[in-house]
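Hi there,

Here is the structure I promised to pass on, with the sequence alongside.

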Amino acid sequence: MKKVVVLTGAGISAESGIKTFRDSGGLWEEVDINEVATPEGWKKNPARVLEFYNQRRKQVLNAKPNTAHLALVALEKAFDVHVITQNIDNLHERAGSKKVLHLHGEVTKSRSTADPGLVYDISGWKLDIGDICTKGSQLRPHIVWFGEQVPQMELASEITSRADLFIVVGTSLNVHPAAGLVHYASDKSRKFLVDPNPVGVDQVKNLEIINEKAGVGLPALVRKLLSEI
Ligand code: NAD
């Protein structure tokens with residue numbers, strides 16, 4: 001089976017009602033990144049950070065996977081599909097994708113501030129000051145903040161380097177090191193970018209740009225790839 005690696009960003013979940021960060025009307029127009037998505041913001045005001053992610057979690061729990069998430073599940077009929085997502089939502093898993101790697105963490109999980117190996121599912125939508133791990137330390141959202149290491153990056157680049165097809169969906173390719181993954185795909189692999197506002201990826205060879213929303217462009221691409229088998 002040919003291996004398809006799909007790098008997804010906030011755009012794939014936009015049609016499920018979850019806001020992107022950088023688009024106009026996106027979340028970063030409403031909140032200051034430094035206050036809610038950095039270790040410094042956490043140190044300064046952990047309650048503010050917990051509240052920000054509580055709201056994100058509530059939104060995710062109320063959202064449903066859309067036709068783009070479902071199209072990637074359909075692709076598994078004929079391809080070995082690996083989803084590498086920058087998203088912190090769980091819509092790929094809820095759609096039914098089997099192999100999902102989260103580069104930037106998962107909003108539905110918490111992590112110990114004393115031991116990063118202690119990760120828990122959050123039941124419901126709230127994580128509060130006073131919620132502690134089994135070692136007695138405060139829990140934080142299981143999110144990779146700006147300025148922190150991306151622990152899954154090595155695995156993601158290794159998976160990407162073995163892709164026969166590489167699909168990028170709904171990302172401004174602004175957040176590093178995730179954006180650099182594009183360059184790990186072999187020059188020989190077929191590549192597709194699905195985004196209604198595609199970013200410049202000038203030096204990428206064999207790239208076809210599909211200038212559509214994910215909910216339209218991705219199901220069409222999946223139908224095309226399945227018809228070629
Ligand atoms: P971004 O906000 O920087 O860029 C969004 C991209 O999606 C843009 O290129 C935009 O043109 C495109 N887009 C908008 N609507 C689309 C649609 N309907 N179909 C396809 N594409 C569409 O997002 P990013 O590049 O993923 O980086 C932002 C960071 O913020 C990521 O690290 C991600 O973890 C995080 N984030 C996650 C979520 C989520 O989990 N759903 C939501 C917002 C932000």
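Helix H5 (residues 67-75) and helix H8 (residues 214-227) have axes that come within 8 Å and cross at roughly 15°. The axes here are lines fitted to C-alpha atoms, for helices over the stretch in contact, with angles running from 0 to 180 degrees between N-to-C directions. Helices (H or I, at least four residues) and strands (E, at least two) are DSSP runs, numbered from the N terminus. H5 and H8 are therefore roughly parallel to each other; angles under 35 degrees count as roughly parallel, over 145 as roughly antiparallel, 65 to 115 as roughly perpendicular and the rest as oblique.

The crossing of H5 and H8 is left-handed, a term for a near helix turned anticlockwise from the far one by less than a right angle. On the H5 side, the contact is made by Thr 67, Ala 68, Ala 71, Leu 72, Ala 74 and Leu 75, and on the H8 side by Ala 214, Gly 215, Leu 218, Pro 219, Val 222, Leu 225 and Leu 226. Contact means heavy atoms within 4.5 Å. Of the residues in the contact of H5 with H8, eleven are nonpolar, two are polar and none is charged. In this scheme Ala, Val, Leu, Ile, Met, Phe, Trp, Tyr, Cys and Pro count as nonpolar, Asp, Glu, Lys and Arg as charged, and the others, Gly among them, as polar.

A word on how to read all this: it is a predicted model, where local features need pLDDT of at least 70 and side-chain atom pairs count only at pLDDT 80 or more, while totals for chains, interfaces and linings use all residues. Residues are numbered from 1 along each chain as its sequence is written, and side-chain values use heavy atoms, with hydrogens and water left out.

Now to the charged pairs. The count comes to eleven salt bridges, each a side-chain nitrogen of Lys or Arg within 4 Å of a carboxyl oxygen of Asp or Glu. One of them joins Asp 80 to Lys 3, with the closest N and O atoms 3.6 Å apart. This pair links distant parts of the chain, since Asp 80 is in strand S2 (residues 80-85) and Lys 3 in strand S1 (residues 3-8), 77 residues apart. Both Asp 80 and Lys 3 are buried (buried means under 20% relative accessible area, exposed over 50%, partly exposed in between, with a 1.4 Å probe and protein chains only).

Another salt bridge pairs Glu 228 with Arg 190, the closest N and O atoms being 2.9 Å apart. Glu 228 lies in the segment after H8 and Arg 190 in strand S8 (residues 190-194), so the pair ties together parts that are 38 residues apart in sequence. Glu 228 is partly exposed at 43% relative accessible area, and Arg 190 is partly exposed at 34%. Salt bridges that share partners also join Lys 3, Asp 80 and Lys 99 into one network.

Two further residues may interest you. Thr 85 is in strand S2 and counts as buried, at 0% relative accessibility. Not counting residues up to four places away in sequence, Thr 85 touches Thr 8, His 92, Val 100, Leu 101, His 102, Leu 103 and His 104. Glu 106 is found in strand S4 and counts as buried, at 17% relative accessibility. Leaving aside neighbours within four places in sequence, Glu 106 is in contact with Ile 88, Glu 93, His 142 and Ile 143.

Best wishes
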